[in-house]
Amino acid sequence: MAGTAGPTGTAGPPFPRAQVWWLGSALLGILMVLSAYDAFLPLLYLDHLDSRFLIGLLMSTDNVVGLLLIPVVGAWSDRLSHPLGQRLPFLLVGAPLAAAAFLAIPLAAGALWTLIVAEVVFTVLLHGYRAPAMSLMPDHVAPALRSRGSGIVNVMGGVGTLLTFAVLGPLFDVDRRLPFRIGAVVLVVTTLLVVWRADRRPPYVDVPDATRPRGAGDLRRDLGVLTDPDRRGGVLALTAMLLMYVGFAGLASLFPVYAVSILGLSEGSAVTVLSAFIVAFVAATLLAGAIGTRLGKVRTMRAGLVALAALFAVAAAVRSLPALIGLLVVAGIAWSLVIVQALPLVADLGGRTSIGLLVGLFYLFTMVGQLLGTPFVGAAMDLFGDVAMFPAAAVPFLVAAVVLERARRLLPAPEGLRAA
């Protein structure tokens, strides 16, 4: 394969475009079931609870699990020596078990306590392989080309989310079990596609030394990147990602409740309206990857965050469904500018030996954001009414933009990649 022009115009490493599309299948399956989880679980909880705050608090339990599992498993996958490579064993074990647990959620919805148990089991299993799955793209793609790779992977993830809103949403009105059955099948099939096309020894990650035992001390040293003075820019960037997910998670989880109570939509239609956001996101992700490579990841992310805060401030006063859909379309484009850059920005900091760890830290910080986001927005809705959802979501985006500006000058630019 011919070399691909790098950011400076010189020949660079080849970009494995077709393979990255296949690897993106992992995110398609994961985001399809997670989007269904975020959209339908609050509606299942409404059968048992009236408080939006309590619903938001229960929805955050999966992120407590993620806090514990994702960075540890990510670091573990950096050190695993196996004939299938460092990441794939986690997918082959985790995905089928997560699919089975996802199937059980609507069956457990008859009582509050069984629904909570089913939710926690599902999230434990899904988060048990999420960091290794998301480390596969940077394992296969050179740092200078990872924004492009992330654009492709996020197209696949957006397709998964769109399938939830456009297809599974209406099916939820027909039979609450159908979306969970379809999501479980897709999760298994997409994982098998990834295992089929992934390299057993990808080119941009070092093979661990199978003769050297690894212990808890290695994990503690790996996690020490959070206190390393030379990593301040990375920690600030991760903090900004935490904040942006406060706004995003609160909106994604509670928009169906808002749409039912304020706009008068049915439960399934409330979920389907969000497809406008996802269609725009998917359409813009490849362009967002190119913009991030040209202008810099942080500048591109910051522009998207400011735009999101402004759009949601306007949306708070909108009661026309067509106008709201139009705002969601623009917001989807702005979100693509943010999210396409985020994971590559963090993965670049991992070099060749700690990609899984840094991807795990990305999810650790974003899970904290999701942990705080849904109760934060839910509490605002309890205090000021459901109309407070959009303003409550806008504030964290604006703060995240400020933090990213502080991080901009401290971030490294590995292998010619413009971080800022």
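Reader: In which helix does Thr 374 lie?
Author: This is a predicted model. In it, Thr 374 falls within residues 355-384, and that stretch is helix α15.

Reader: Is Thr 374 buried or exposed?
Author: A residue is buried when its relative accessible area is under 20%. The value for Thr 374 is 3%, so Thr 374 counts as buried.

Reader: Which residues does Thr 374 touch, leaving out those up to four places away in sequence?
Author: Thr 374 is a buried residue of the model. Beyond its sequence neighbours, its contacts are Gly 56, Met 59, Ala 249, Gly 250, Ser 253 and Leu 254.

Reader: How many aromatic pairs are there, and what kind of pair do Phe 255 and Phe 390 form?
Author: The count comes to 18 aromatic pairs. In the pair of Phe 255 and Phe 390, the ring centres are 6.4 Å apart and the planes stand at 65°. Angles over 60 degrees count as edge-to-face. The pair of Phe 255 and Phe 390 is therefore edge-to-face.

Reader: Which helices does the pair of Phe 255 and Phe 390 tie together?
Author: Phe 255 and Phe 390 are both buried. They are 135 residues apart in sequence, so their pair ties together separate parts of the chain. Phe 255 belongs to residues 232-262 and Phe 390 to residues 389-407, which are helices α10 and α16.

Reader: What kind of pair do the rings of Phe 312 and Phe 397 form?
Author: Their centres are 5.8 Å apart. The planes meet at 50°, so the pair of Phe 312 and Phe 397 is tilted.

Reader: How many residues apart in sequence are the parts that Phe 312 and Phe 397 tie together?
Author: Phe 312 is buried at 3% relative accessible area, and Phe 397 is buried at 1%. Phe 312 lies in helix α13 (residues 297-315) and Phe 397 in helix α16. The pair therefore ties together parts whose separation in sequence is 85 residues.

Reader: Over which ring does the charged end of Arg 148 sit?
Author: The charged end of Arg 148 is 4.4 Å from the centre of the ring in question. That ring belongs to Phe 15.

Reader: At which residue does α5 bend?
Author: The 17 residues of α5 (residues 88-104) should span 24 Å, and the ends are 25 Å apart by C-alpha atoms, which agrees. The bend is about 25°, with the proline Pro 96 following within four residues. Its position is a residue among the buried ones of α5, namely Gly 94.

Reader: How far apart in space are Ala 184 and Val 33?
Author: Ala 184 is found in helix α8 (residues 178-197) and is buried at 5% relative accessible area. Ala 184 and Val 33 are 151 residues apart in sequence. From C-alpha to C-alpha, the distance is 7.4 Å.

Reader: Which residues have the most contacts inside the largest nonpolar core?
Author: This core has 142 residues. Tyr 129 is one of the residues asked for, and its contacts include Phe 90, Gly 94 and Leu 187.

Note on methods: Residues are numbered from 1 along each chain as its sequence is written. This is a predicted model: local features need pLDDT of at least 70, side-chain atom pairs count only at pLDDT 80 or more; totals for chains, interfaces and linings use all residues. Side-chain values use heavy atoms; hydrogens and water are left out. Helices (H or I, at least four residues) and strands (E, at least two) are DSSP runs, numbered from the N terminus. Buried means under 20% relative accessible area, exposed over 50%, partly exposed in between (1.4 Å probe, protein chains only). Contact means heavy atoms within 4.5 Å. Rings of Phe, Tyr and Trp (its six-membered ring) pair if their centres lie within 6.5 Å; planes under 30 degrees apart count as stacked, over 60 as edge-to-face and the rest as tilted. A charge sits over a ring if NZ of Lys or CZ of Arg is within 6 Å of the ring centre and within 35 degrees of the ring normal. The expected span of a helix is 1.5 Å times one less than its number of residues. The bend at a residue is the angle between axes fitted to the seven residues ending there and the seven starting there. A nonpolar core is a set of buried Ala, Val, Leu, Ile, Met, Phe, Trp, Tyr and Cys residues joined through side-chain atoms within 4.5 Å.
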